[in-house]
Amino acid sequence: MKIQGKMFLWLSAFILIMAVVYGVWSKEPAGATALVMAFGLSVMIGFYLAFTARRVDAGAQDDKEADVADDAGELGFFSPHSWQPLSLAVGGALAFLAIAMGWWLLYFSAPLILVGIYGWVFEYYRGENQNQ
């Protein structure tokens, strides 16, 4: 995971340089703003990966002598049957549609988003999946 963090941090440095060059040459604020925002997103991802790499064991991708088979096996727990992302997707789509159609649509999207977030957070606290 260390190599991914370094890659994103190097990518963020490149994007920042390109944002400055683009902003100076083009004098167009929309493209420069988009590149600065891409820089921020890349820094966030790189920082998260670098920060997480310190707390977890070194993976096969961090070893230059590793084989493909060294990274085989279970990588983590992923919920196989959650309906909460569907609720969040519909609520998010309605919320973004509210920007174009009218703010009244947020009255329908906000409950869907809140139910989705609540359900996703507390999905494994009760019911048949309580012990997972």
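A residue is called buried here when its relative accessible area is under 20%. The views below come from a predicted model.

**View 1. Helix H1 and its buried residues.** Helix H1 runs over residues 2–26, which makes 25 residues. From first C-alpha to last, H1 reaches 36 Å, close to the 36 Å expected at 1.5 Å a residue. Look along H1 for Gly5, Ser12, Ile15 and Ala19: these four are buried. The cover over the buried residues of H1 includes helix H2 (29–55). Just after H1 comes Lys27, with a positive phi of about 55°.

**View 2. A nonpolar patch on the surface.** Here you can find Leu11, Phe14, Leu16, Ile17, Met18, Val20, Val21, Val24 and Trp25, which form a nonpolar surface patch. Together they have about 880 Å² of accessible area. One of them, Val24, is found in helix H1. With a relative accessibility of 52%, Val24 counts as exposed, because the cut-off for that label is over 50%.

**View 3. Aromatic pairs.** A pair of aromatic rings is described by the distance of the centres and the angle of the planes. Searching the whole structure gives 3 aromatic pairs. Among them is Trp104 with Phe108, an edge-to-face pair at 6.2 Å centre to centre and 85° between the planes. Another pair joins Tyr118 and Phe122: their ring centres are 4.9 Å apart and their planes lie at 50°, so this pair is tilted. As for cover, Phe122 is partly exposed, with a relative accessible area of 37%.

Note on methods: Residues are numbered from 1 along each chain as its sequence is written. This is a predicted model: local features need pLDDT of at least 70, side-chain atom pairs count only at pLDDT 80 or more; totals for chains, interfaces and linings use all residues. Side-chain values use heavy atoms; hydrogens and water are left out. Helices (H or I, at least four residues) and strands (E, at least two) are DSSP runs, numbered from the N terminus. The expected span of a helix is 1.5 Å times one less than its number of residues. Buried means under 20% relative accessible area, exposed over 50%, partly exposed in between (1.4 Å probe, protein chains only). Contact means heavy atoms within 4.5 Å. Rings of Phe, Tyr and Trp (its six-membered ring) pair if their centres lie within 6.5 Å; planes under 30 degrees apart count as stacked, over 60 as edge-to-face and the rest as tilted. Patches are made of residues with over 30% relative accessible area and no salt bridge: like charges are joined within 9 Å, nonpolar side chains (Val, Leu, Ile, Met, Phe, Trp, Tyr) within 5 Å. Accessible areas come from the Shrake-Rupley method with a 1.4 Å probe; for residues, only the protein chains shown count as cover. A salt bridge is a side-chain nitrogen of Lys or Arg within 4 Å of a carboxyl oxygen of Asp or Glu.
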